[in-house]
Every structure is written in C-alpha cells, then in structure tokens.
Amino acid sequence: MKKVLLSIFALCLSLTGYAQETGSVLIKDGTVITITNGNKADTDVLIEDGIITKIGKDLSAPRGVETVDASGKYVMPGIIDAHSHIAAVDVNEWTNPVTAEVSMEESINPNDINIYWALAGGVTSIHLMHGSANVIGGQNETLKLRYGTGMDEMRFDGAPRTIKFALGENPTRVHGQGFNVKPRTRMGVEQVIRDNFDAAQDYKKNRQAYLAAKEAYENGERKNPPVPVAKNERMEVLVDILEGDIWVHTHSYRADEIMMLMRVFNDYGIENFTFQHANEAFKVAPELKKNNAYTSVFADWWAYKFEVYYSTAYNASILNANGVKNSINSDSGELIRHLNHEAAKAVHYGNTSKQDALKMITINPATQLGIDDKVGSIEEGKHGDVAIWSGHPLSIYSTAEATYIDGKKYFDRSEDPNDMRLETNPETDFEETDKRWYNENGRHGKTCLQGAKIRFTKKGMKYKSN
Amino acid sequence: MKLARITVLCIALLMVFSLQVRSQSSPAEAFENVTIHTADGNTIESGTIVWRNGVITDVGKNVSIPFDAYVRDGGDSLHVYPGFIDGLAQWGSPDVPDVDTPERPGDPGYKRAGIQPQRRPASLMKAGADALTKAPKHGFTAAGLGLKGQMLPGQVDLFFIQGNKTKDNVLKSGIGVLAQFEEAQGQAYPSTTMGVMSEFRQLFHDAKALNQQEHYFASVSSNYPAPEENKTLEALYPVMDQEQPFYFVADSKENIERMFWLQDELEFNAVLISGKEAYKKADELKERNIPVLASIDLPEEPEWRASQKEEGEEKEKEKPAEEVQEVTEEMRKFRERQQEAYKAYVQNINKLIEAGVKVGYASNGLDLSDIHKNLKTLQEEGNLSGKQILKMFTQSTADVLGYGQKLGDLEEGRIANFTVFTKSFLDDETEAQYSVSNGQIMEFESSK
C-alpha cells in the first residue's frame, strides 16, 4: 500500500513539470550569514522539503530530519554566478549577428564535471549564457546546479527569461572583419540593434494584422483571404524583449558603448538590463544608477584584448559606492570555483564592506536574474540553497564543506569521492580523461571568449564539452 | 451502360491474360531439404519453401512442389532465414561534398544549411556502390535507404536489395523523412544544436504559411497573389500532416529529449533511429508510441577489462609485482563506472524490448563487416537471445517500417525475401549461399 501511495505521489510530482528532488536538514549552531539581515551567531537553519522554514536558536529537528553540526562554521546562501558557460553543449551560434531565436535551455549538459567543481566552491545557481559573438545573441538559461539530473531538472523554475547582447570587439571581429557582414564598427553595432528592434515592431504589426484578417475571413467577415505572415522565431523573441518579457544581459566593456546602449534602450522603452563585464562601468556609474541599470563585473580580469586595457580592480567598489547593484561573476570554469575570493578582492582593493562584497555573489546576482524572491539570502520561505563554510567565506583559508540545493546535499567535502565524473565513456582510458581537465579548463576554459578564440584559429566556433 | 459492361469485361480479360502471361514467364522456384527458420525463432527441419512471382506460395515440411518449379536441394545442410531488413542504411548514398563559406554565413540557403527533405535516394543513389553488392551476402534483402547529409538530408526510400539492380527496385518511396541534430557544414547557420532546434521550428512555421497561401490561392478565383513554389517546404507537408514520420536520428539521452520537445511543439510522428542511450528514455518512448530502429554499433570493451579477460585473473596474480599496474582508488572508481556504462550500452536493446518499445534494426552508417562481431556481443553480454536478434532483424523491423504483413517472415503470401546460409546465421563460419529478394535469386560463390 505504501508503495502504491508513493508511486501515486511520484506520478503527481512528475505531472507538475520539472519535479525536483528536495531534502530536509537542520544545520545547527553556525554563524549564519543571512545577507539581508546581518550575521547571526550560533544560529540554526531548518530546511524542510527544500524550503527554509525556520531560522533561530535551539531548533529541534522534526522526525526523520538529519541534523548537521556547524558550530565554528559559517552558513551562507549558495553563491550565484550571473555569467557562466559551464554545463553547456554549444555556447555560440556565431553565424549571424542576430540569433535571438536560439536558447541555451536547449544547450544544457547536466553531466558536465564543471558543475561539481562549482558546487565545491559553494555555488548553487548559474546564469548559463550564450556567447558574445553576436550583437543580439541567444537566450540564456538560469540553472540550479542539480548535478547529474537532466536538462529539465537543471532549470531554475520561475526565473525570468533573459537574453545575451554583445557590444564592441567580439561582434565586429566575428561578423564585420570575419565575413564582411554588418557590424564592422561600434556604430554598426548600434544600428544592428535599432534595425532589428524596428523590424520586430513591423513584424508584430504585420503578424497581428494577418491573424486578425485570417479570423475575419474564416468568419465570413472579409471577402478576400489574407496573404499569410509566417510566425518568425527570431522576431517573436525580439518582440518579447521590447515588451519587457525578456531581460537583457549585455556583454560590454567601454563606457561610451554602455551609454549608447542605455540610449537605445530608453528609445525603445526597455527597462530591465544588466551590463556584463562592463570594465569601464566605473566611469559612468552615476548614469548607470540613474537608468536603474545593473552591472556584473570581474574582480580583476582585463587586458586580454584592446578594449579591456582601461580597467581597474576598483570597478566593483566604485559601482557599489554609487548605488549601482553590482555582481561579481566568473565567466570561467575555473573562477567559478572560488567566487568568494573574487568578492574578497572588492574588500581588499576598494574597501567595500564585507556584507556588500558578499551581496555581490548572492542577492545582487539573484536580483539581476529575477530570482531574488527565491534565493540569494537566508530567509524563511526562501529555497534551501546554502553552503556550509569552514570559516568566513571571504577568508582565503576557508573552503565550502557542504553545498545544498533545495535542502538536498550535492556536495560534501568529507565524503567527496575521488572521481565524480558521471559520464564515463567505455572507450576512453582513465589516463586520457585524467588529463582532460588541464586541456579543457583552467582560467581560459568555459568562457564566452572561448568561441572567439577558436574562431580565429579557423576551427569554427563550435564548442563541445566532454 | 453497355459500354461500361464491355469495359469491365475487357479489364477482367486483360487481368486474366496478364496473369497467365506472368505465370508463364515466371515459373515457381523452390528450396527443399533445408532448415527453415521463421522470424519467431522456430525451425522446420527438412523443410521446403516455394515461391512464384516474388511471393512465397508455400512453406513447410510436407509441401507439394508445383510441376513447373525449379527446385534446389539443400541436402539438409542449408539454413533459410527471412531476409534481414536494415531500417535505415546509407548504402549507395553519395558522399557529402566539400563546401565553401557562404557570403552570409547566417543566411546560407536551404541546401547549404543541410535542409533538403525533398531529395530522394532512388534518384541520387550510386547504383554500383560496394555496400549494395555486399549487403545480400550479409543476409539483407530489403532496406530503408537514406542519404548522407545534415539536419534534413532527404527522404527514406524502401528498397529490395539486389546488388547493382537495387536502384530500380523501390518497394516504396518516402516511407519517412530523415531528420537529425546535425549542424550545417563548416561556417554556416545553424552551427549549433540549439540553432538546429530553432531551424526545425522555423521550417514548420514557413511550411504552414506556404501551405495556407496555396490553399487560399486555390480557393479564390482572382485577386490573390500566387504562392512561390518551394519544394523544400512542400516536402515537409506530409510530416506536418502526420502522413509521413520523421526518421529522427538521436543517440544521447539529451538529444532524444530534444526530439520529444520538438515533437510536442510541431506534432509529427517519429521513428527513433540509432538511439544508443534510448534505454534511458524507454518508458517515454513507449508512452509516445515511438518505435526504435536501433543501432548495434556497440562501444569497444574497456581496454583494461579486455586484457583482464584475456590474461585471466590467476595469471595476473602470478605476475611479478613490478608488472602489475597499480590500480588506485580513483582508477578503481572510474573503472566501476566505465563498466556500468559499457553494460548499459550493450543492454540498450534488451531494456527497450522489456519496456515494451518496438525495436527494429538500423545500421545508420555501421559497416556491414562489423555486424557479426556486435551481434556476438549482444548475445553474450546484451541479454539478447538469438531468437530476439533474428526477430529484430526481420519481423520487428518490417513492423516499424509499416511492412509487417509483407516482409519479415517466411509464410505463404509474404514477399519472397530470404537468405540461404550454410550454417546458423550467428555461427562464425556461416556464409550466405543464396539471396532471394522480391523473388529474384542471387547465388554467391563460397569464399572457402
């Protein structure tokens, strides 16, 4: 009977869409970094069926719920990386300056070992982004790092849709210099965006007129049948951007192009946008604030091409001091493993407060992805996405000891097996797979530059993981 | 009225006459004293099989052979099997030509993007292709043939396999439209899996709009612009109307899921081709009523496992310590997982059958010479019996192709497609001596 009930329950779950495995755990006596409500010493966090139900002292575990001792340790919300390319099959549909129709939700590799390594750095969610080859690239997908589940199960349910734009050298190099296709210049980049937004508005008008005429003809209210206007995958997405249903995350570096895009967005009434990388954002911090723009930057990564020579490790701190909601991202399979260090650099260089630095890898990226009502802080009612750290997460000596998503443990350093690769090819030797990390990863692995780099070695932009 | 009667009479007479002519020109043929294996794995010892005009007229133990029959005596040593059917092979397909980068990589045109659902193997096939000559020697008498290419390489045509005469022996054109998650060659859109997904959707939207315009154009007398002819999109109409399935090539769990996503949105019928990880989605395939034409292109056994087997564990122990490779904990864990992955691949077909999925066979590029070795592995490690393998290669594939009543078994009324082997078909020493396809017999010289 129990079995029958269980299977009915499982069936119900599977009918509700991406049924997630959730867990329950009581984490006791840790220093809880709530992010939104200060640090709380010797405090317990109770997660039940994936949701934080209670934060307080001397909580007792409901029957069947495991208790974990975190005394002397820190409990922190799971880190959120607003710019990542791990867990991807392909990153760049680089062949056209505008590819809004493609989506990273169809390019997920749930078995990528990088997911496990990110979990080991206390990361629980990523913004899986399309690459930066195109002015209007593909749609991104916000994921929870439920390692080894499936493409559907990896999705962050309820996260708003987002899309990648890219300004500057990448799109002008790939399309203008590479194929003599507009844009060749920064001016051209602006025009590509405006032209496509205009085309989308025309499309919407024409398509709606056709559908209305079709209905009228079929109801006998119109004499002649209309000429069909086919549904257009690319234009549909652009229309959704214009209508505010898709948030824009733009690969950008220079202050002038950041200003340009804000003007374009103001002209078209686009309100929710984040500038990614934005190495020169510090120059226009007040303007960014005025436009309610968000930024997501590197702590100190620059000079890998001409447009990122003018950079500073104070970028994050200056933006923060100007009231711009800023996050620090990895854009890398290597940096994602220690985003806590990246956040610590804002404290080290720019004297940003520890609390604000931690916000840059938790609640701020959550806000930029529209998931701040669910994750990014430890609050009752939010998702049980937390990590237990051996010491203060901004200390260089601290490590994430365990990482939970929806109350379910996905990483435990004490039980960390030697080999966490899930996809094992029967035909690949151990020795070969062992070398793989060094060949495929490192600081330059799994980045949105990867495609561009490959592009210039004439091997095509295609990037297959594993 | 009178005219009608005369017409009917004439037709009837013509039919009788033509039948007679045909029966006269085509005497019966028979094998006697052979072991006959039916698709379900039963055998008839010292049996006889008779066929005429491409159709089996009698099979069994005590069969009376027509007076005009040309009879071959098997001497009780030959084995007759239903002709094997390859659900999707690329035999005779022209190779994919090299291409240049289009002027606008983002807008390469259908052909350059690999979108050519209108192409027909029957017209493009290389008649003298080696594989077409070899296939009958491996027991194949019929096959669905497709073309090499990218996302939509063309139609799948069902042929009788008769060496270089295959091209003129089409049983049915367009049993399906081949589809796969293959990007355009070189530098052109779509260059990613997500781009291919999007392109499938757009093609259906465009085909739908064109279809609508054609419909409108035909329905009004004047004052309406003529639709532009577009053979590429028109070739998708039968798929949209669910009159023709997509023969969809996908191996990984994720690609099979992507196919499901497209199916939910675009509402086509599908036959899954290859499906190396289909076992992971077996229940859903069953639920969706998607049959699988499965690949038997199995992975090689992990090297360490093969060498362990070869040397035997005893010998390993006797080896001097310095020669024994140290197996670290990490390596051991890796090997465990590799072993599981190997087993899962090898047991794919068995798991599909157990889940109630209809499973036939498709080579989809596997070389004919690799079949025997893989069948051995399926038998030894894949939990498949010889009977199951035989059924998969014959009746089950015929069922998936929609020819389950006509092909795939040896019984009266079926198309005369069978192969005469010197031994059981799974025997290492076996050789095909005769191949009969649509009643046409080919004799092979022994290689010994």
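In the predicted model, the contact between the two chains takes 53 residues from chain B and 60 residues from chain A. The size of an interface is often given as the accessible area lost when the parts come together. Here the area buried between chain B and chain A is about 4,500 Å². Carbon and sulfur atoms give 55% of that area. On the chain B side, M194(B), F334(B) and R337(B) stand out. Together they supply 16% of the area that chain B buries against chain A, more than any other three residues.

The rule finds 14 residue pairs in polar contact across the interface of chain B and chain A, with both residues at pLDDT 80 or more. Three helices of chain B give two or more residues to the side that touches chain A. These are helix 5 (193-219), helix 8 (253-266) and helix 11 (329-346). Helix 5 of chain B provides the largest share of that side, with 14 residues.

Within chain B, 7 strands form an open sheet. Their order is 3-2-1-4-13-14-15, and the pairing is mixed. Strand 3 (55-60) and strand 15 (440-443) of chain B each have a single partner strand, so they stand at the edges, with one side of each left without a neighbour in the sheet. Neighbouring strands of this sheet are turned by 35° against each other on average, direction ignored.

Strand 14 (residues 432-437) of chain B pairs with strand 15 of chain B in the antiparallel sense, over 4 bridges. In this pairing, Y434(B) stands opposite E443(B) in strand 15 of chain B. The hairpin of strand 14 and strand 15 of chain B has 2 residues between the strands. In that hairpin, N438(B) takes a positive phi near 50°. Strand 14 of chain B also pairs with strand 13 (residues 418-421) of chain B. That pairing is antiparallel too, over 4 bridges. F418(B) has V436(B) in strand 14 of chain B as its bridge partner. Of the 6 residues of strand 14 of chain B, 5 are buried, so the strand is largely enclosed by the rest of the structure.

F418(B) also takes part in the surroundings of a glycine, G83(B). G83(B) is found in the loop between strand 4 (70-82) and strand 5 (84-89) of chain B. At 3% relative accessibility, G83(B) counts as buried, because the cut-off for buried is under 20%. Not counting residues up to four places away in sequence, G83(B) touches G139(B), T141(B), F393(B), T394(B), N417(B), F418(B) and T419(B). The C-alpha atoms of G83(B) and L407(B) are separated by 8.1 Å. Along the chain, these two residues are 324 residues apart.

D157(B) lies in strand 7 (residues 154-160) of chain B. A polar atom of the D157(B) side chain lies 3.1 Å from the backbone nitrogen of A122(B). A122(B) is also among the residues in contact with D157(B), leaving aside neighbours within four places in sequence.

In chain A, strand 8 (residues 136-144) is mostly covered. Buried residues account for 9 of its 9 residues. Strand 8 of chain A pairs with strand 7 (residues 123-128) of chain A in the antiparallel sense, over 4 bridges. Here I126(A) has L143(A) in strand 8 of chain A as its bridge partner. Strand 8 of chain A also pairs with strand 9 (residues 161-166) of chain A. This pairing is antiparallel, over 3 bridges. Q139(A) stands opposite I163(A) in strand 9 of chain A.

How values were computed
Residues numbered from 1 in each chain as written. Chains lettered and ligands numbered in written order. Predicted model: local features only at pLDDT ≥ 70, side-chain atom pairs only at ≥ 80, totals over all residues. Heavy atoms only, no water. Pairing = 2+ DSSP bridges. Axes fitted to C-alpha atoms, helices over the stretch in contact; angles between N-to-C directions. Buried < 20%, exposed > 50% of the residue type's maximum accessible area, 1.4 Å probe, protein only. Contact = heavy atoms within 4.5 Å. Buried area = accessible area lost by both parts, 1.4 Å probe. Polar contact = N/O pair within 3.5 Å; in protein donor to acceptor, adjacent residues only side chain to side chain.
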